[in-house]
Amino acid sequence: ETQKIKNEELIRQIHQMREENGDLLQGMDMSSYSINLFEIAKRVAEVDSTVLITGESGVGKDVFCQLVHRLQGGDKPYIKVSCGAIPETLMESELFGYEAGAFTGASKKGKKGAFELAKDGVLFLDEVGELPLDLQVKLLTVLQDRKFYRIGGTEEVEVRAKVISATNKNLMESIKLGEFREDLYYRLNVVPVHIRPLRQRKDEIIPLASSYLQKLNERHNTNIVLSREVREILKNYDWPGNIRELNNIVERMYVFSTGEIIEVEDVPDEIKKSSGEYLKIKEGTSLKDQLEDIEAQIILNQLNSNQSLKEISEKLGIDVSTLHRKINKYHLPKRYGS
């Protein structure tokens, strides 16, 4: 009972943040795993410890870091550095900045680096496993001393930002291969956060897909939903590209769908072949399943109006609690208030 009350409070906070921050938390209130991640983000936001987020590409590491930033105060700076996308020769100046005339081609005004720009906000070091070894040494020193010098500078700059790193690499393997420093790993990994791949979070697939589809509906003023058969196909696919791949497929189906319901023929062949279940589902579609698809569409149309939930329920001839239950059942966008 205590855990139930706790989860209800966390869900309420998620709803509030969704209202304030757009689509950052779309789909998050649909599963116990996401609620748990939200709770972890809250704890991380309350401390100054360094955090290392691990997980496959596309699982939402960047989103988790943004969530921490919003929870600790969204008005503070949020600086992201993609360690694998910046040339090695420029990475040091990107992180620590430089003084005027520090090297050939340097700006006459000098430049602040990511650590300095982040101030008392969040510095997100994405793909930290790609940092060259010489910079790993300097990063370790900066994290230990909480201060650094710009390139060519003589004045200490204090580190006040929360440092969050992320990687899709197995850093322990990189350490064995001599590609990553063990001492830096332990300095980054004070608070470890591992985000599981989507194939291990099956109950999140349809809520996430529906949330992204609703975002497309709102953008283009449409009312397209997923058919039951398509939902089953999506649930049976392994999603090697995780949430990023799921969003791409949903958008592709949305673009090529010809009606208000995305059907099996709208699903890319590679997804259907990999799921292995779609033919059986298509042949066995019952009248009940088809009626539920229609019911979901009718409710979605009403939710997109300016009516309150009470007005919608009265119009449909059901009570508000039944309307809430059907919204959850069909993974439709939630509306709050009477």
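Two rings of Phe, Tyr or Trp count as an aromatic pair if their centres lie within 6.5 Å. Keep that in mind for the close-ups below, which come from a predicted model.

**View 1. The whole protein, before we zoom in.** Let's start with the big picture. The protein has 338 residues, and 46% of them count as buried. Its chain forms 16 helices and 9 strands. Take the contacts between residues at least 6 apart in sequence: 72% of them join residues at least 24 apart.

**View 2. Phe96 meets Phe148, a tilted ring pair.** The structure holds 5 aromatic pairs, and here is one of them. The ring centres of Phe96 and Phe148 are 5.6 Å apart and their planes sit at 50°, so this pair is called tilted. That angle falls between the cut-offs of 30 degrees for stacked and 60 for edge-to-face. The two partners come from distant parts of the chain: Phe96 belongs to helix α4 (residues 88–96), while Phe148 belongs to strand β4 (residues 147–149), 52 residues apart. Are these two buried or exposed? Phe96 has 0% relative accessibility, so it counts as buried. Phe148 is at 3%, so it counts as buried too.

**View 3. Tyr185 and Tyr186, an edge-to-face pair.** This time the partners are two tyrosines, with 5.1 Å from centre to centre and 70° between the planes. How covered up is each one? Tyr185 has a relative accessible area of 14%, so it is buried. Tyr186 reaches 48%, so it counts as partly exposed. The cut-offs behind those words are under 20% for buried and over 50% for exposed.

**View 4. A cluster of phenylalanines.**

View 5. Where does Ser227 sit? Look in the loop between β8 (225–226) and α10 (228–235). With a relative accessible area of 0%, Ser227 is buried. Its side chain makes a polar contact of 3.3 Å with the side chain of Glu229. Which residues does Ser227 touch if we leave aside its neighbours within four places in sequence? The list is Ile261, Ile262, Glu263 and Asp293.

How values were computed
Residues numbered from 1 in each chain as written. Predicted model: local features only at pLDDT ≥ 70, side-chain atom pairs only at ≥ 80, totals over all residues. Heavy atoms only, no water. Helix = DSSP H or I, 4+ residues; strand = E, 2+ residues; numbered from the N terminus. Buried < 20%, exposed > 50% of the residue type's maximum accessible area, 1.4 Å probe, protein only. Contact = heavy atoms within 4.5 Å. Phe/Tyr/Trp six-rings, centres within 6.5 Å; stacked < 30°, edge-to-face > 60°. Polar contact = N/O pair within 3.5 Å; in protein donor to acceptor, adjacent residues only side chain to side chain.
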